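Here's a quick briefing to read alongside the model. Take a look at the structure first, then work through the points below.

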Amino acid sequence: MTRTTRPALGPFVFFTLALGLGTYFTFAAVQGDFGLFRRAEIDADAEVLRRQLAGVSAEVVRMENLTHRLSDDYLDLDLLDEQARRVLGRIRADEIVIR
């Protein structure tokens with residue numbers, strides 16, 4: 001009786017499973033929720049938000065300066081005059097309007 005040998009199924013299943021898991025984890029490391037591409041998106045978003053924060057901080061400083069200049073403790077008459085004329089739409093008698 002001659003016996004034919006079949007290829008072993010165990011090593012084939014092991015290597016197939018190992019290849020599948022390796023492929024899955026590689027894909028997850030690159031494109032997953034915590035992958036490299038997501039990290040690049042987060043870094044780009046953070047930079048945009050840093051720029052917005054700098055702009056808003058500068059605007060807050062400017063508004064605090066204007067508020068201080070119009071406060072009861074320190075009153076800037078030129079700024080008060082400018083604001084009143086802007087709101088009321090008035091000019092002084094010695095001014096000329098050019099359109």
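What is the mean pLDDT of the protein, and what share of its residues reach 70 or more? This is a predicted model, and its mean pLDDT is 89, with 99% of the residues at 70 or more.

**Confidence along the protein**
- Helix 2, which covers residues 36–69, is where confidence is highest, at a mean of 95.
- Confidence is lowest in helix 3, where the mean is 85.

**Aromatic pairs**
- Keep an eye out for aromatic rings: the structure has two aromatic pairs.
- Phe-14 and Phe-15 are both exposed.
- Tyr-24 and Phe-25 make up a pair too, with ring centres 5.2 Å apart and planes at 65°, so they are also edge-to-face.

**Helix 3, from start to finish**
- Helix 3 runs over residues 77–88, which makes twelve residues.
- From first C-alpha to last, helix 3 reaches 16 Å, close to the 16 Å you'd expect at 1.5 Å a residue.
- At the start of helix 3, Asp-76 gets involved: one of its side-chain oxygens comes to within 3.3 Å of the backbone nitrogen of Asp-78.
- Just past the other end of helix 3 you'll find Gly-89, which has a positive phi of about 70°.

Key. Residues are numbered from 1 along each chain as its sequence is written. This is a predicted model: local features need pLDDT of at least 70, side-chain atom pairs count only at pLDDT 80 or more; totals for chains, interfaces and linings use all residues. Side-chain values use heavy atoms; hydrogens and water are left out. Rings of Phe, Tyr and Trp (its six-membered ring) pair if their centres lie within 6.5 Å; planes under 30 degrees apart count as stacked, over 60 as edge-to-face and the rest as tilted. Buried means under 20% relative accessible area, exposed over 50%, partly exposed in between (1.4 Å probe, protein chains only). Helices (H or I, at least four residues) and strands (E, at least two) are DSSP runs, numbered from the N terminus. The expected span of a helix is 1.5 Å times one less than its number of residues. A polar contact is a pair of N or O atoms within 3.5 Å; within protein, one must be able to donate a hydrogen and the other to accept it, and residues adjacent in sequence count only if both atoms are side-chain atoms. pLDDT is the predictor's confidence in each residue, from 0 to 100.
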